[in-house]
Amino acid sequence: MSPLRQNSRQLHPGAWWLWALGLAAAATRTSNPLLLLLIIAVAGYVVAARRTEAPWSRSYGTFLRLGLAVLLLRLLFTVLLGSPIAGTHTLLTLPQLPLPTWAQGVRIGGRVSLESLLFTLYDGLRLATLLICVGAANALASPARLLRLLPGALYEVGVAVVVAMSFAPNLVADVGRLRAARRLRGRPDRGIGSVLSVGLPVLESALEHSVALAAAMDSRGFGRTAPVPRALARATAALTLLGLLALCAAAYGLLGTDGASWAPPALLLGVAASATGLALGGRRTVRTRYRPDRWALPEWLTAGSGLATAAVLSLLATRDPAAFSPSVVPPTAPELPLAAALAILLALLPALAAPRPPGFRLPATRKDRNP
Amino acid sequence: MITFEQVSVHYPDAPAPALSGLDLTVPEGELCLLVGPSGVGKSTLLGTVNGLVPHFTGGVLHGRVTVGGRDTRDHRPRELADLVGTVGQDVGAHFVTDTVEDELAYGMESLGVAPAVMRRRVEETLDLLGLAELRDRPLGTLSGGQRQRVAIGSVLTVHPKVLVLDEPTSALDPGAAEEVLAVVQRLVHDLGTTVLMAEHRLERVVQYADQVLLLPGDGRPAVLGEPAAVLAQSPVNPPVVGLGKLAGWHPLPLSVRDARRLAAPLRGRLAQTPPVAAPPPTGTPVAEAARLTVRRGSIPAVRDLSLTLYARQVTALMGRNGAGKSTLLGALAGLHAPANGSVRVGGLTPHRARPQELVRQVGLVPQDPRDLLCAATVAAECAAAEQDCGATPGSCRALLERLAPGLADDTHPRDLSEGQRLTLALAVVLAARPALLLLDEPTRGLDYPAKQRLVEILTALAADGHAILLATHDVELAAEVAHRTLVLADGELVADGPSAEVVLASPVYAPQVAKVLAPEPWLTVRQVADAIGHPRR
């Protein structure tokens, strides 16, 4: 096939995240369900073509379910609580709960219109698409690998985040194990009570696990620092502090009602001071990188295709707003804008351009997975 | 290489020091084996070598520990990371990254090794430990032996002068344990690494040791010396040494090979009284699996397995890590639903039965007995167990008193030793008087006296009419206690028969005594002692 596929290697995690964020940005430009479904399909195809057997690759399915849950939850709320969209096509009328006058503006039950449901469906679908794009990035590049790209000064923060993220799956495994143990003791293992009753032992074992991990990391040299002159250390601290203050002030100015003119320079100052602080802070770390991820042609193509999709969709959305947000009042059938659809299909490029990840065989054992 | 000068360690709230009066030197390039009964401070001693004790664990360390000239008082663990590589008991907690290759590189990255050097050392280590094919694998998908080798590799890449290993083979099947030990021996021989290793399964490691460091406990001082000389005064002994002591061999043999050379007279003496294979006790069928298949995820962990377990019989379940032993126990205890076939225990279908009824038929002590324990004191634990299964109040406590006399009522289960904790879990499970008792790896972390105690308990329970199935890697335990042995491979039953026949048929599963006295089917030191009319020890 293509010469790009000869070597099997991991794509740079940054490329996958840029691609996925590009798709997500494209999704925010439209509420057209056809385009959104197309984005989900494209992301799904690329994940299917390029994901590995690694545990984090399963996160795509999790995010897919999460997106669906968000969508259903929003529809449910619209049915129960009503929506600001007034419509003429009444689908059904629920008995309305009479509320006291102080709860004015809140409605429980009552008329459910086709328009309000459609509006929620489109809006919820957009949110679900965003989630699914993040899930795709997660499945294609482990977040831990992305965190390796952090500058040296932030490395320890990154490790803390990785450890925190590994906490959740361990917690789930522990809950399962302890519920099984409850069953072994002859206690009911179903229902919410059984999950709650294992809370304390689960936290205990998670804490023990974290302490053991911290000990292992310390004895393997985590947190070794190079000696730096005191003046440099002080300058680093001062610059970082100044940078953060300037960033906060700039954010206040920019987001305020009357866009202050001093805000942009303050923003620049903040960014510059923080960046210098980080760079100087990096001198304290002695760390080196093992086989840093390369950024080559496949990375350019992958990241580029995602960003191009976002750019083209943004451009088209301003030219032809009607096709990108189909009207719900009155309800009309959404149309598929051809140019936009082609732009989304552009994001399929990584399925061909990205190198195959090194293949993993099936797990060797089952028991050892959750020790 | 490692010098202890008048070292003692005190933890706050502890009545006695965890370690005291240690004054010795471990020379460079030696494999030093640390032996002693549970709870004498072996892990504490190992922790002092890389500074985790006291920098990380708290407590007060008196005296001085120096490693390669560096004093652990002024060097924190991270500052010793280039000199001492440590692999703890729980390998799962050792891993920081998520693939094999990254894990091997992690330590070097922390130390700031140049990228080109890192690349070369990772490749060397992959070859040295036979991990080349696993380089891209996520750590979660490795088997127990592979994980142990990756953990050792991950500390080797920084080229430490000292390697500290805490129970490296306890969780492994005999084959995987040999793999790991071969690697350790190669490091000592080829690279001159100093290895300090604690291990309860002496029969696996003692033959590789250059020095043995004995912590006898009971306030007696530590002894460092030649293995044979030190083991002669050790309270814990592998079977081959026990046999040597029994037969009065000198010097004491440490390996099966040494023992075989000395064993000719004993073999001759035993030839007159061949071992009588007692027929396995018979009882009523208690549990039955018919063409059972159990899936874990997409993988069939147990395949098409048919099995009947009888009352009064102790059955050992063996097989390599990941062969499906735990899954089979789980299926019998109702934790996993069968994908095909059926399981019946005492008239119940375990996975559908109500837990309250099931506990009267089957009890499982899981791999980590702590999972089963949830109360804050021993007394509360027993009371909870009686309540769970509707037993008469006080019965579980009385049972515990019989199994492990003298356990204080107000001790927290986490403060018990491994052996005591196992006994407590056993008492909790037995409170419901289940007809079938299942044990998953009961001897992990147990020393020889605790194991002997377990053997006595299990034998008594079987005589009481319980059917017992224990999954274990410990061939010596199986030889001693089991009437019948099953061997699982890839979820299929490959051997099923009287223990003597099954373990003798395979060099991997044969206990040491059998290897020494082959071809006669002697299995345990006790059997031999009875035959020649000696009290053991």
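Me: Before we start, what makes a residue count as buried?
Reply: A residue is called buried if 20 or more other C-beta atoms lie within 10 Å of its own. The structure we are looking at is a predicted model, and the C-beta atoms are placed from the backbone. The number to keep in mind is 20 or more.

Me: Thanks! Is B:Glu203 buried or exposed?
Reply: B:Glu203 sits in helix H7 of chain B, residues 202-205. There are 25 C-beta neighbours inside 10 Å of B:Glu203, and the cut-off for burial is 20 or more, so B:Glu203 counts as buried.

Me: How many residues of domain 1 of chain B are in contact with domain 2 of chain B?
Reply: In the domain assignment, chain B has domain 1 at 2-234 and domain 2 at 285-516. Their centres, taken over C-alpha atoms, are 31 Å apart. Domain 2 brings 18 residues to the contact, and the number from domain 1 is 15.

Me: Which element gives the most to that side of domain 1 of chain B?
Reply: Two elements give two or more residues to the side of domain 1 that touches domain 2: helix H5 (144-156) and helix H6 (174-191) of chain B. By class, that side has five nonpolar, eight polar and two charged residues. With three residues, the element that gives the most is H6(B).

Me: Now for the two chains: which element of chain B gives the most to the side that touches chain A?
Reply: The contact takes 65 residues from chain B and 45 from chain A. Among the elements of chain B that each supply at least two residues are helix H3 (100-111), helix H4 (115-128) and strand S12 (299-310). The side of chain B that touches chain A divides into 32 nonpolar, 20 polar and 13 charged residues. The most, seven residues, comes from H3(B).

Me: How does H2(A) lie relative to H13(A), roughly parallel or roughly antiparallel?
Reply: Helix H2 (residues 33-50) and helix H13 (residues 338-345) of chain A have axes 10 Å apart and pack at an angle of about 15°. Where they meet, A:Leu35, A:Leu38, A:Ile39 and A:Val42 in H2(A) face A:Ala340, A:Ala341, A:Ile344 and A:Leu345 in H13(A). The contact has eight nonpolar residues, with no polar and no charged ones. Angles under 35 degrees count as roughly parallel, so H2(A) and H13(A) are roughly parallel.

Me: Is B:Gln6 buried or exposed?
Reply: B:Gln6 is in strand S1 of chain B, residues 2-10, and has a positive phi of about 50° although it is not a glycine. Most residues other than glycine have a negative phi. There are 11 C-beta neighbours inside 10 Å of B:Gln6, and the cut-off is 12 or fewer, so B:Gln6 counts as exposed.

Me: And what about B:Glu167, buried or exposed?
Reply: B:Glu167 lies in the loop between strand S7 (162-166) and H6 of chain B, with a positive phi of about 50°. Since 23 other C-beta atoms are within 10 Å, B:Glu167 is buried.

Definitions and conventions:
Residues numbered from 1 in each chain as written. Chains lettered and ligands numbered in written order. Predicted model: local features only at pLDDT ≥ 70, side-chain atom pairs only at ≥ 80, totals over all residues. Domains from an automatic or database assignment. Contact = placed C-beta atoms within 7 Å. Helix = DSSP H or I, 4+ residues; strand = E, 2+ residues; numbered from the N terminus. Nonpolar A, V, L, I, M, F, W, Y, C, P; charged D, E, K, R; others polar. Axes fitted to C-alpha atoms, helices over the stretch in contact; angles between N-to-C directions. Parallel < 35°, antiparallel > 145°, perpendicular 65-115°, else oblique.
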